[in-house]
Amino acid sequence: MIRIEDLSYNFPDGTRGLKKINLGIERGEFLGIVGRNGSGKSTLVRHLNGLLKPTEGKVSINGMDTADPSKLLEIRQTVSMVFQNPYTQFVGTTLEEDVAFGPENLALPPEEIRERVDRALEVVGLENYRNHSPKTLSGGQSQCAAIASALAMKSECIVFDEISSMLDSRSREQVREILRKLRGKARTIVYVTHRLEEVLHADRVLVMDRGEIVREGSPKTVFKAPELGEFGLELPPIVELLNSLEAGGFALDWALLASIENLAEEIWESRWKI
Amino acid sequence: MPETAFNYVYGDSLLHRLDPRTKLAAVMCLSILVFREESFAGMGLLIAFFLLLTWISGVRLSFLLRSVRPLLFFIFFIFCFQLFATKGTPIIPLPVLPPSYEGLRLGTLLALRFGLLLLYAALLTASTLPSQITNGIERLLRPLPLRRLGVTSFDLATMMSLSIRFLPSFLENAATIRAAQLSRGLDLRHDLRRGTTAIAVPLIRRSILSAEEVTEAMESRCYQGQCRTSLHELRMQKLDWTALLGLGVFSLFFLLL
């Protein structure tokens, strides 16, 4: 659904942001994009809904060119974004109004807005907070509100740009729980992060560095590469464990990473084989 | 954070349920009455009416009185000015600027006027969500040919509600920056001029950066400032017309009296 061809981007001050990116994203795919700060991952995803326009090359969403201003509204209805800072993307004075902001911009009838807001709040589990102001919501709740706002747009694809980096670990778990729920719903998800453990279950992972895609593949193959450290990334301990076990001739199924309990169980039961 | 003046107080009273346009019109109308009134009897009646509305709204009177507090000094100044500067029968015969009975009367009236004006406004904001107020103002402005000036009523409404939304964040940022600069040895008491720049510059910088993030978030959610609808579409109910009629009768009665 998303095609990126030879995309290069220079910042207004002339520095290079992206170099010749080629990428296709399929409908329903969960794509993880990882990289250290300044690697260009946020710059890349800002091209997906026309917030940034390519300096060279082309980005098309369902065949619509993001450089075409007449298509912009439709593109933004197709691809929504959730950003890093939960507070600056909260534009309503109450939670309910914030979630309604997008549908209101589409000039939908009030009944339809009401329905979308209620559904979205239900999915993120904030239906009891609808009249709360951003001041009385926690960081995690605000970020869930931002996800609800994206859901209320009923877009095909949601881009999550470093949404967990300003959250504490409990809120992170909360957000991850919602993502798990969303994933089954045939939505395309693009998830940007510098924490590799958040994209262990992605369909595909891209590693970016200095404005280029330097690695691409399933998490299993990408997270084996010993040079990830060069790109400023750190393997999650559990993956390191799995990799070391495999190097020692004790290969375990990658799917076991879904739950630590299962992995522990498997290791415990396999002790007889050693 | 303590509850501050001019805040919304959650409730479900008759006053809360009125359309914001009705309430805006009422506040405007009552303000005119307050400013036209020259007699204490009339002022007493307007105060009584205010107390009646407060009782209906279920908002605590002490909460509303708090919104007058920031301007108390200003009101007191006006009172004193009138008291001493109005010529007439002196209360105490002083050689310069003797306080006069006429001044006392005028000063009290003016002080009551400003106080009452603030109180009616406080009652509006206490019984109406900020978003409802902006919504109401937007609907009232919509027929005006603002497009010729390059803005729409929707733009204005969005600006208003964003200001309301981000004012607390702005103050919070200011406090954080002040604390950060103080911990770096900034001395506000001795060098106010340098101190002000030391706080203002980072504050403005941070606000512009946040504004950019807000813009991105708004654009991503298809904001275009043209036609929008609202989750709470305003509809005048029977209650609103009754209230406006009541207000009309009250004003007429008041003016004829």
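In which sense do strand 3 and strand 9 of chain A pair, and over how many bridges? I looked this up first in the model, which is a predicted one.

**Entry: the sheet of chain A**

I find that strand 3 (residues 30-34) and strand 9 (residues 204-209) of chain A pair in the parallel sense, over four bridges. Within this pairing I located Ile33(A), which stands opposite Leu206(A) of strand 9.

I then followed strand 9 of chain A to strand 10 (residues 212-217) of chain A. These two pair in the antiparallel sense over five bridges. I noted Val207(A) with its bridge partner Arg215(A), the latter in strand 10 of chain A. Strand 9 and strand 10 of chain A form a hairpin, and two residues lie between them. In the turn I recorded a positive phi of about 45° for Arg210(A).

I next looked up the sheet as a whole. It is an open sheet of six strands of chain A, in the order 6-7-8-3-9-10, and its pairing is mixed. I identified strand 6 and strand 10 of chain A as the edge strands, each of which pairs on one side only. For the twist I noted an average of 20° from one strand to the next.

Strand 6 and strand 7 of chain A pair in the parallel sense over four bridges. Here Val79(A) stands opposite Cys157(A), a residue of strand 7 of chain A.

**Entry: the domains of chain A**

I consulted the domain assignment of chain A, which gives domain 1 as 2-235 and domain 2 as 236-274. The C-alpha centres of domain 1 and domain 2 of chain A lie 31 Å apart. I counted the contact between them as eight residues from domain 1 of chain A and seven residues from domain 2 of chain A.

**Entry: the contact of chain A with chain B**

How many residues of each chain are in contact? I find 33 residues of chain A in contact with 26 residues of chain B. On the chain A side, the elements that give two or more residues are helix 2 (72-78), strand 6 (79-82), helix 3 (95-105) and helix 4 (110-124) of chain A. Strand 6 of chain A is thus an edge strand of the sheet and also one of the elements listed for this contact. I recorded the largest share, seven residues, for helix 3 of chain A. By class, I noted 16 nonpolar, eleven polar and six charged residues on the side of chain A that touches chain B.

**Entry: chain B**

I looked up the elements of chain B and found ten helices and zero strands. The radius of gyration of chain B is 23 Å, well over the 18 Å that the globule rule gives for 257 residues, so chain B is more spread out than a compact globule. I noted that its C-alpha atoms fill a box of roughly 65 × 60 × 40 Å along the principal axes.

I then examined one helix pair. Helix 2 (residues 20-36) and helix 6 (residues 101-127) of chain B pack at an angle of about 175°, with their axes 10 Å apart. The angle is over 145 degrees, and the two helices of chain B are therefore roughly antiparallel to each other. Among the residues that meet, I listed Val27(B), Leu30(B) and Val34(B) from helix 2 of chain B, and Leu116(B), Leu117(B) and Tyr120(B) from helix 6 of chain B. I recorded the classes of this contact as nine nonpolar, one polar and two charged residues.

How values were computed
Residues numbered from 1 in each chain as written. Chains lettered and ligands numbered in written order. Predicted model: local features only at pLDDT ≥ 70, side-chain atom pairs only at ≥ 80, totals over all residues. Domains from an automatic or database assignment. Contact = placed C-beta atoms within 7 Å. Nonpolar A, V, L, I, M, F, W, Y, C, P; charged D, E, K, R; others polar. Pairing = 2+ DSSP bridges. Axes fitted to C-alpha atoms, helices over the stretch in contact; angles between N-to-C directions. Parallel < 35°, antiparallel > 145°, perpendicular 65-115°, else oblique. Rg over C-alpha atoms; globule rule 2.2 N^0.38 Å.
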